[in-house]
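Below are my notes on the model, as numbered points. Please read them alongside the coordinates.

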Amino acid sequence: MTKRNLLILIGLLLGTIAFPGIRSALAKPEPAPVEEVSPLHPTFALLDKNGENVLKSGEPLSTMQTCGQCHDTEFIQNHAFHSDLGLSDYAQDGEVNASSGTFGKWDPLTYRFLSQKGDERLDLSTAEWLMLNGSRVVGGGPAETSRAGKPLEDVKADSANPEASLLNPETGQAEAWDWDESGTMEMNCFLCHIDKPNYEARLEALESGQFELANTATLFNGGLVVQTEDGFKWNESAFQEDGEIGEDHVLIKDPTNENCAACHGEIHTDSSSPLTLRAGDLDTPQTATTGQVISAQKISESGVNLSGKAELNRSWDIHAERQLQCTDCHYALNNPARAGETQKVGPEHLLYDPRTLEISEYLERPDHNFARGQSAQYNVAPELKGTMRRCESCHDASKGHSDWLPYIDTHMAAVACETCHIPQLYAPAIQSYDWTVLTLDKGPVKAYRGVEGEPNEVTSLVTGYKPVLLNRTNIDGQQLLTPYNLITAYYWVYEDANGNTRPVRLLDLETAYFENDAYASDILSAFDANSNGILSDDELMIDSSAKEAAVKSKLIALGLENPRIEGLTQPYSINHNVTRGENAVNECKACHNDESRVSQPIKLVSYAPNGVLPAFDTANNVNASGEIVKSDNGAVYYNPVPANDEMYVFGSSRVRWIDWFGALMFAGTLVGVIGHGTLRYLSTRKRARAPKQTERVYMYESYRRFWHWLQTTSIVILLFTGLIIHRPDIFGVFSFRGVVTIHNVIAVILVVNALLSVFYHIATERVQEYIPRPYGFFDDAIVQAKYYISDIFKGEGHPFEKRPDSRMNPIQKVTYFGILNVLLPLQILTGVLMWGVQKWPGIANWFGGLPFLAPFHSLVAWTFAAFIVGHVYMTTTGATPLESIRGMVTGYEEVEVHEHVEEVNEKKEVQSEK
Amino acid sequence: MKKRLSTSSRRRFPFWTLGLLGIILVILVPVLYFLPRAKPSTNPADYLPQKAVHVDHADIVKGDFETGQDVTRACLECHEDAATQVMGTTHWTWESKAFDVPWRDEPVTIGKANQINNFCISAQGNQKSCMSCHIGYGWQEDVPYDYENAYNVDCLACHADMAQYGKGNYGEPSESVDLLAAARSVRAPTRENCGACHFDGGGGNGVKHGDLDESLYFPSENNDVHMGGQLDMQCTDCHWTNEHQILGRMLTDNYTIDPGEQVSCEQCHVNQQHEDERINTHLAAIACQTCHVPALALEDPTKVFWDWSQAGQDGRVDDHFTYLKIKGEFVYDKNFAPTYLWFNGNNEYRYLLGDKIDPNAVTYINKPAGNIDDLSAKIFPFKLHVAKQPYDAVNNYILAPITAGADGFWTNFDWNNAFELAEDRMGLPYSGSYDFAETYMYWPTTHMVQPSENALQCDACHGADGLLDWEALGYPGDPVEWGGRDK
């Protein structure tokens with residue numbers, strides 16, 4: 001067990017037990033947790049932005065100055081992508097997205113577009129961006145600095161500059177915004193570093209444009225400052241004589257899950273009260289976009305109206321259950337306690353460099369670039385991707401799966417941990433937003449997956465959903481199958497005066513659709529099919545060119561050039577809500593089956609506005625190699641195609657023409673031998689029975705027989721188990737894992753058997769018997785063939801004598817040579833490479849990897865199957881139908897007594913003369 | 001290659017069969033060796049005791065029975081040793097075996113016959129009511145009980161169908177009982193027999209133990225997974241009985257307990273391993289009951305506080321759950337979490353009559369033994385019952401009043417009188433002045449085992465809202481962060 005390093009500021013003291021006999025863990029509600037005073041952090045004065053004590057100036061405080069008394073706030077602000085949000089990458093190049101962060105990347109879900117300099121129309125200015133997104137903006141970065149890197153206060157108020165203006169929704173005009181008046185928002189330390197930040201007051205301040213007040217508002221009514229009618233007042237009694245805050249008010253601590261949840265997603269830490277959700281709320285984006293909920297509570301004890309809830313006896317998220325905090329994986333990159341994980345460079349021989357920061361150095365300049373993953377949507381600070389702990393940092397997959405999963409390495413090289421350990425999400429997630437139309441509350445038509453009915457209504461049934469599996473390219477180049485939710489957004493775009501494509505502004509859409517808060521009459525006439533004056537869910541969609549034209553014309557009338565509908569499908573990563581044991585996928589047939597998880601489609605939208613199919617967002621590390629198809633009922637689906645990712649999943653993937661061809665070979669051989677045999681039978685009935693002269697010969701020595709029958713049994717079992725592996729949907733009764741084990745074990749037996757036999761034959765030089773003599777080969781083969789085609793029906797003897805030292809006729813020789821020396825080695829080679837595809841990836845890939853090896857293996861298998869049919873039939877051509885088989889069992893065979901060939905010809909001549 | 005003509009007509013051994021056998025072995029042995037095998041699991045049901053086949057006594061038992069002793073006489077005609085066996089058990093003697101305790105020079109015994117608790121306090125002198133739960137007939141207050149009289153053993157209490165039998169004053173059969181019908185109905189004991197006394201201890205349903213009450217007559221699976229649902233186990237399925245020696249010892253009436261005499265989960269759940277490795281790492285420090293009995297008194301409330309000092313007030317309405325004039329004020333609770341202590345199976349102290357107390361501090365009637373450094377101790381759930389009961393203000397020891405007995409407190413509500421009457425019986429001089437002191441008694445929680453789905457989860461103990469007071473248990477802090485006790 002790792003010891004927590006004391007350098008992390010001490011968290012809450014553990015609550016003490018109440019009087020044990022009375023306290024109820026289950027029935028009575030928890031007492032409200034008391035804010036704990038930090039035992040280590042010293043008291044400090046609160047300073048305003050000029051460095052003066054707020055008690056003197058009465059001004060709002062400045063976090064940079066206040067916390068900057070001991071911590072290097074400049075450093076912190078410059079090393080915090082939470083604060084930067086894409087500002088440092090901001091570059092206008094005519095594209096819709098000017099950066100990869102929230103500041104500059106257009107999110108079709110929130111829809112408002114941060115206007116770029118020179119844009120024809122103003123949508124979101126920086127000030128309004130801050131008002132709208134403020135609840136989730138930490139401060140600093142774009143909240144303080146302009147796109148050119150200057151302080152925002154220095155940017156003159158100018159209605160033409162999106163950095164210093166504001167769109168007036170009433171008039172539709174841009175108005176100037178004076179940053180000097182509103183102030184800017186510094187990075188707000190309190191959001192994460194105190195227990196109960198006043199989110200509501202802060203939001204109020206932001207939405208009213210009082211940016212400088214926001215950080216102070218975070219402390220409202222927490223003891224230090226009180227909100228008043230006309231502003232606020234510092235509470236002098238909370239301060240000491242020397243102007244520093246009282247010891248009881250030092251509430252600084254390191255971030256807990258609640259702090260992170262305020263912006264990121266739904267968590268639920270109170271185990272005694274049932275969890276409830278606000279589904280689809282973009283203020284908790286992780287939950288809204290993927291349905292991830294971080295809670296230790298058992299799903300069966302939650303208050304969600306969830307289908308099958310009683311059986312879901314697992315926690316929402318197992319890491320939350322095991323008491324992990326967000327910061328355990330998303331830690332500060334220069335935290336000395338985590339130095340072992342973050343060290344990358346150094347001499348080859350060095351495992352670990354202990355020369356890390358001292359605690360005091362770290363506390364002075366903590367790097368607020370937190371360790372982060374490689375999720376699809378959050379691409380700010382891409383140089384830091386993959387720095388956080390992943391599953392393999394803590395878990396050893398080879399030990400954890402060793403008692404049940406075969407081919408652990410192969411699985412881990414193709415499939416990410418999340419695929420099996422997050423098989424299902426149990427909360428609703430957004431499926432699509434249709435911004436091509438507007439509902440009466442000026443929003444898009446929203447669709448959710450995982451819920452029947454409206455997501456936040458108590459009567460709706462939450463069913464949860466299974467995420468789609470897509471290939472993700474990690475920063476180390478590895479491609480793994482990972483679960484995602486796909487969210488599709490449809491919206492109007494237009495060409496602006498500069499030739500740039502821009503999304504149509506919400507303001508313009510509203511103008512097009514509404515007149516005095518009701519739908520405009522021409523919109524109504526275009527959409528209202530049953531003319532009842534109300535646009536129902538079925539009517540409010542653009543499903544005809546007429547409707548599209550109606551809206552288009554209105555947009556054109558507003559001066560928007562070339563308005564058109566576009567659709568974008570974006571993947572959202574799923575990494576939380578991990579489970580274990582029987583709740584994870586542990587059934588082979590979940591993927592190794594006809595209906596495989598790997599190829600399971602996911603619905604994108606229930607209808608495509610005017611038939612426009614969405615494009616898959618490529619600005620991420622997801623390889624969407626599947627197809628976006630429209631089904632018959634108009635819904636659009638994404639179908640993964642594993643073959644396009646060069647994935648071959650046994651039991652699920654197959655090459656159809658090989659199966660058809662192989663089956664044809666097999667069936668053809670079967671038909672052939674049945675026909676031939678029938679003819680032979682019929683011909684013997686007509687013919688007079690002339691007993692052939694036979695002699696008993698010791699034809700096959702014991703080793704040969706042993707080898708032959710072991711080979712037979714092995715091949716038959718291999719064929720049978722191989723068929724089950726290839727089509728587990730037909731042979732569902734067998735355990736996939738068991739059958740794979742049997743196939744592998746028997747394959748080894750076959751290889752050993754074959755190798756010993758090769759050694760035997762070479763050592764005894766009996767291998768010569770298998771090699772057809774080239775001289776006269778074709779003549780002899782034709783003679784033999786003629787025998788089978790016509791002479792056999794006449795009851796004639798075999799053209800070639802069967803002697804212990806010459807047991808095989810030419811056709812046999814060439815057949816066996818091909819089988820034993822060509823096909824069998826190929827089958828073994830492909831089989832071994834399939835088994836060891838992770839051990840020798842270079843060799844396997846040189847051959848084309850599994851997508852080539854596996855179908856080839858199947859084809860040769862079909863050939864073997866056909867061979868067995870033919871071979872068994874041919875053994876009936878001995879003196880009596882079963883004699884040859886008897887010979888191969890006992891060793892002794894009654895063979896036809898053969899006169900010399902020349903004697904036969906003489907006889908014929910004599911006979912013909914007669 | 002020579003041709004070998006075999007002309008012999010001798011029957012030869014068909015050697016090809018040996019080859020066939022060889023092939024079968026070469027195939028089967030590796031396959032069976034490598035085939036994935038299910039882990040062998042022990043089925044706890046395999047360890048359930050085999051019960052004797054029930055013999056219907058309807059035609060065997062004959063005759064008129066006037067008294068309970070008559071019935072016993074009839075039983076002993078065939079079951080000759082039964083009474084002797086019973087007389088060797090604590091159900092009969094109401095006293096434990098002798099213990100050497102450090103605070104006394106002589107060995108002591110502990111039991112209802114001679115010690116006190118913090119519920120109804122003392123059975124001595126109150127035999128009229130209390131002995132309705134003794135498995136014998138006629139134990140009276142003034143006459144020493146004849147422990148050697150085999151006919152005093154009450155066979156019916158454990159063996160009769162409880163629809164036919166009940167016990168009344170001094171342990172005699174109730175007036176309305178038809179002894180013949182009761183005697184004919186005998187069979188192996190069921191929960192009804194055991195529960196008739198053990199569910200109603202302390203003066204009512206569920207008062208005393210917290211994990212034993214009348215809801216266990218017909219429990220659901222969620223109430224008790226062993227006694228409820230399909231399993232419907234009887235008490236004797238865990239409290240294995242051999243020749244009337246019943247497995248299981250009550251902590252409160254013992255000083256040390258020999259593990260061989262105590263019931264444990266491992267009797268049936270042999271070498272229990274959980275599928276989750278992390279849970280298995282808890283087994284050395286946490287008892288099974290801690291996680292699997294998460295709450296006490298699931299359906300019927302149990303008494304958690306009893307204030308004798310309020311007894312005897314006039315003008316208050318009697319209510320079973322809050323106040324009774326004869327008993328005082330109480331607090332009941334239902335479906336609550338137990339108290340958790342280190343426990344190695346023994347008491348470290350058990351209050352004996354005459355032990356001095358400090359009236360300003362808590363007096364432990366029994367105190368479970370164990371601490372974090374004792375490797376045989378595990379964290380175990382207890383029901384804590386707190387009481388304020390009378391003590392001698394001059395002599396500083398707990399007093400055992402006559403309550404139910406003749407002229408006792410329940411008759412005339414006079415404490416002094418009750419103590420004086422008790423003087424002779426207890427051998428404890430009464431100084432004449434009394435007061436009330438706070439006492440604690442710990443009752444182990446082991447019944448009302450929940451199905452495994454309802455067992456405590458990680459966050460029940462670990463994390464911010466955890467149930468356990470880590471520092472009180474001796475840990476520096478939450479073991480999730482600080483490590484367990486063996487680190």
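1. Glu566(A) lies in strand β16 of chain A, residues 561-573 (strands, E, of at least two residues and helices, H or I, of at least four are DSSP runs, numbered from the N terminus). Glu566(A) has a relative accessible area of 30%, so it counts as partly exposed (buried is under 20%, exposed over 50%, partly exposed in between, with a 1.4 Å probe and protein chains only). Apart from neighbours within four places in sequence, Glu566(A) is in contact with Ala489(A), Tyr490(A), Tyr491(A) and Val493(A), where contact means heavy atoms within 4.5 Å. Cys588(A) is 22 residues from Glu566(A) in sequence, and their C-alpha atoms are 40 Å apart.

2. This is a predicted model, in which local features need pLDDT of at least 70, side-chain atom pairs count only at pLDDT 80 or more, and totals for chains, interfaces and linings use all residues. Residues are numbered from 1 along each chain as its sequence is written, chains are lettered from A and ligands numbered from 1 in the order in which they are written, and side-chain values use heavy atoms, with hydrogens and water left out. The scores are ipTM 0.82 and pTM 0.86. For chain B the average pLDDT (the predictor's confidence in each residue, from 0 to 100) is 91, and 97% of the residues score at least 70.

3. Chain B has 15 helices and 11 strands. Its radius of gyration, 29 Å, is well over the 23 Å that the globule rule gives for 487 residues, so chain B is more spread out than a compact globule (C-alpha atoms; the rule is 2.2 Å times the number of residues to the power 0.38). Along the principal axes, the C-alpha atoms of chain B fill a box of roughly 125 × 70 × 45 Å. Of the 487 residues in chain B, 46% are buried.

4. In helix α2 of chain B (residues 68-78), the buried residues are Gly68(B), Gln69(B), Asp70(B), Val71(B), Thr72(B) and Leu76(B). The buried residues of α2(B) pack against α3 (82-87), α6 (156-159) and α7 (179-184) of chain B.

5. Over all chains there are 60 aromatic pairs (rings of Phe, Tyr and Trp, the last by its six-membered ring, with centres within 6.5 Å; planes under 30 degrees apart are stacked, over 60 edge-to-face, the rest tilted). Trp470(B) and Tyr475(B) are edge-to-face, because their ring centres are 5.4 Å apart and their planes at 85 degrees. Both Trp470(B) and Tyr475(B) are buried.
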